[in-house]
Structure formats: C-alpha cells, structure tokens
Amino acid sequence: MNREGKYKVVLIEPSEIVASGISAIIGKNPEFTIVQTLADPSYYNSNDNADVIIVNPAVIDFNERFDMRSYFGGSEAAIVALTHSNYEESVLRQYDECIGIYDNASRIIQKIRNAIEECIQNPRSDINELSARERDILKAVAKGMTNKEIADEFNISIYTVISHRRNISQKLGINSIPGLTVYAIMNKLVDMSDFG
Amino acid sequence: MSDKTRIYTKRMKVSDLLACDSSLLSILQRLDIRLGFGEATVAELCTRYGISADLFLMICNIYSFREYVPQVESLGKSDIKNITTYLRASHRYYTGVCFPAIHESIHRMVNELDEMSRKLIDKFYDDYDNEVNSHFMYEEDVVFPYIESLMADKCMERGKYSISQFEHNHSNINEKLNDLKNIIIKYLTEEYSSPLRFELLNDIYSVENDLRKHSLIENKLLIPLVEKLEKCHE
C-alpha cells in the first residue's frame, strides 16, 4: 500500500484504449491507485512493490506463461489477468483472478478485491524463514548438485526441486548458484572445505 | 500516470536535459562529449559530434522514462552502426569506470571482514567480473562483427549465425549483481557495517540500473533493427 493506504496497481496492457478504460474505472475507486501503466512487461520493475499487477496474458511469451509469479521477479502482488479473448484453463490458473473485457466496472473492482483477499489469506509461503527441507535443498545446491541429482537423493520429482529452489531464492533474494553458495557457507550450512 | 508526453526533444538544451536527469551525464561521458557546450541544443550538439540526434534522444528517453517505448520505425540501417558504436562505448565505460570503482570499494570493504567472508566475497566478485567481461567480449567479437558483415552485404555470413541466437545467449548479468547486493545488505554480519558498505551499495545500484537500460537498448533497438535487416537478406 502507498502512504495514503491505497493499493498500488500496475497495469500492463498494450492497447491504449483498453488501458485508458481500465485506468478510468480503477481511478474512480478510492481504494486503488495506478502507479504504472506499461505496454510491455519487460519494463516492469519488481522494486515497485505493487499490490496488484493487472496484465494482459497476450503480452507474456508463451513459454513463460506457466509461471507468472517468478516472471514478475517473485512478486508478492496479486496477479490479475485482463483477457480480450479465451485462454486455456492452465494459463488462467496462474492468475489470482481474471477480468474479462466485457466485465462491468463494479465487477472489475470486485475481482481486484477478491484477488487481494486471496493473496492475503493464502500467502505463497512463509516469507521469512527457510523450512528444514529448503535448507537441505540449499545445502545440496551449494555443493554443486544438479536438480536431477537432488531429486534422486531426496526421492522427489524434479518439479518439486525446482519449486523448492524458487521459494528459496524468493525468500533470500539470491538467485545464482554462486550467490546461494556464499549464503550457505556464511550461515554454516556447508563448510568451505567442501570446495577445496 | 503516463510519461508519454514528457519526453525530450531535439530543440531542448542539453543542459536542461541534465537538469531533468543527472544520470544522463554518464551518456555524455561515454559518447566523449566534452563539457562546456554552453546553450547548445540536442540537435546542435549531435551535429557537432556526428551523432544521430534521433538515436541520442531515444537513448536519453530510455534512461530517464521507465514507460518510454522507443519507436524503432523512425530508425534506419545507418543507425545500427551508431547503436553498436554506442554499445561499445558503453562497455568501455563499464569496464573502465564503473566496475573498477566497485572492485576498489569491494577490496576496501573485505579488508575489514574475517578471512572466510573475505575469500567468499572476493571469489564471488572475481567470477562475476569474468562473466561480465566474457559477455561483453562475446558481443564485441561475435555479435557486432556479424551485424557489421550483414550491413556490408556479406551474404556468406548468413546461416552461420542469427541475431535470435544472441537473444538466446543474452544471459542476465544482473542476476549476480543483485545477489551480491542482497548478501551485503542482508547477510554480511552487522558488526562490519560501515560507510564503505553504503558507498559500495550505491555504486552497485547505479551500475545495475545502467545495465538494465543497456539491455533495453540491445533488446528494444538493436535486435529489432537487425531482425529487419536479416529479413531483407532472406
């Protein structure tokens, strides 16, 4: 929220007509303030700490469509789709809500509220501490094990390993393997002598 | 809030541009534009230095306005050369000015740390430095020469390489910088907190931001123009 207690909304929509329309509807509502309107998601800056990201799924590259949260730099914001046409169920499942282009103003506002509510009630994960499992995975990553090796060692699927790693990186704010290694050594999860 | 109406124009004085956004100073620096240009407008200064004013404005707009979307249509084949010249100058600016300053600060900061942290940070940064240098070298040795041969109509080069590979290889060198930042902010123990750490972080934030703009120039100006050129050759 910003200083006046309004939810900060980032709008990513290439059509200026649609963007202006949505902005007008949201702008009339005192709960929200639009902090940024972008035509292209690559200009999105995750340091903005938006509460809500409204995005037209058409602007997201096809192979990125299935992991929206990491697409937006692990943002904690509610992510709402703004659709002009029909999408596969699996694409829309990535979003906390879905606004259709024919929704009326009150329905749009209601959907944004739902999405925020949804995010507050079901936070992605405990944002502060690494779980015991995550610490184990982190140790393995720091020792240089591949996702496949970690999956075999812990008897879990590669997808689960990837999801753990994503959560670890989100919590720590560290993405690269060397960065995670530095963290692991500094916190004595692994020993420097493991590296020679 | 839209910044679309608040962009720079050729008739603006360069000194006014700098008054709007001091980060533009570094653009003048890497273009070797000397200070003391008086009341010169963008158009005048660009003519004097043989720089395309349209391109200069686009770069300044990219730096200053997050929402700015450059209209590549207004650029032509001749601008490609100007862009690669700018990107080369930009590499020199990073490797000659920004990274040495960061390296120097890191060096002074780690001297206050225990031996283990010193080794870790030193190694992390050295690896990062190598990665950045090889990224720049790849662009200068492979990508830019390819683009230049494409402009010189050397069709034999076709098929060997295409700019889409560059997009593919275009690894995100900002990731490790961001990691380093978080390690310094969050995970180096408090007992070593010193003015040096703040200074270093300021330098990292500023080069991180600059690199982001640098990538935008590559992705939003250079790549679309080269793709257009590749299509002409097909």
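Residues are numbered from 1 along each chain as its sequence is written, while chains are lettered from A and ligands numbered from 1 in the order in which they are written. Since the model is predicted, local features need pLDDT of at least 70 and side-chain atom pairs count only at pLDDT 80 or more, whereas totals for chains, interfaces and linings use all residues.

Chain A contains eight helices and five strands, where helices (H or I, at least four residues) and strands (E, at least two) are DSSP runs numbered from the N terminus. Along the sequence these elements follow the pattern β-α-β-β-α-β-α-β-α-α-α-α-α. Of the 196 residues of chain A, 33% count as buried; a residue is buried if 20 or more other C-beta atoms lie within 10 Å of its own, exposed if 12 or fewer, and partly exposed in between, with C-beta atoms placed from the backbone. Among the contacts in chain A with a separation of 6 or more, 62% come from residues 24 or more positions apart, a contact being a pair of residues whose C-beta atoms, placed from the backbone, lie within 7 Å.

The five strands of chain A form an open sheet in the order 2-1-3-4-5, with parallel pairing; two strands pair if DSSP finds at least two bridges between them. Strand 2 (32-38) and strand 5 (97-100) of chain A are the edge strands, each of which pairs on one side only. On average, and with direction ignored, neighbouring strands of this sheet are turned by 25 degrees against each other, where axes are lines fitted to C-alpha atoms, for helices over the stretch in contact, and angles run from 0 to 180 degrees between N-to-C directions. Strand 1 (residues 7-12) of chain A runs parallel to strand 3 (residues 52-55) of chain A and is joined to it by four bridges, with A:V10 opposite A:I53. Strand 3 of chain A also pairs in the parallel sense with strand 4 of chain A over four bridges, and there A:I53 stands opposite A:I79. Within strand 3 of chain A, A:V52 and A:I54 point one way and A:I53 and A:V55 the other way, all of them buried. Helix 4 (residues 105-121) of chain A lies across strand 1, strand 2, strand 3, strand 4 and strand 5 of chain A, running at about 150 degrees to strand 4 of chain A.

Further along chain A, the axes of helix 6 (residues 147-154) and helix 7 (residues 158-172) come within 8 Å and cross at roughly 110 degrees. Helix 6 of chain A is therefore roughly perpendicular to helix 7 of chain A, because angles under 35 degrees count as roughly parallel, over 145 as roughly antiparallel, 65 to 115 as roughly perpendicular and the rest as oblique. In this contact, A:N147, A:K148, A:I150 and A:A151 of helix 6 of chain A meet A:I158, A:V161 and A:I162 of helix 7 of chain A. By class, the contact has five nonpolar, one polar and one charged residues, where Ala, Val, Leu, Ile, Met, Phe, Trp, Tyr, Cys and Pro count as nonpolar, Asp, Glu, Lys and Arg as charged, and the others, Gly among them, as polar.

In helix 8 (residues 177-186) of chain A, the buried residues are A:G179, A:L180, A:T181, A:V182, A:Y183 and A:A184. Their cover includes helix 5 (132-142) and helix 7 of chain A, together with helix 6 and helix 8 of chain B. Between the two chains, 16 residues of chain B are in contact with 19 residues of chain A. On the side of chain B that touches chain A, helix 6 (115-151) and helix 8 (174-187) of chain B each supply at least two residues, and helix 8 of chain B gives the most, with seven residues. That side of chain B has six nonpolar, three polar and seven charged residues.

Within chain B, helix 3 (residues 42-49) and helix 4 (residues 53-64) pack at an angle of about 120 degrees, with their axes 9 Å apart, which means that helix 3 of chain B is oblique to helix 4 of chain B. The contact is made by B:V42, B:A43 and B:C46 of helix 3 of chain B and B:A53, B:F56 and B:L57 of helix 4 of chain B.
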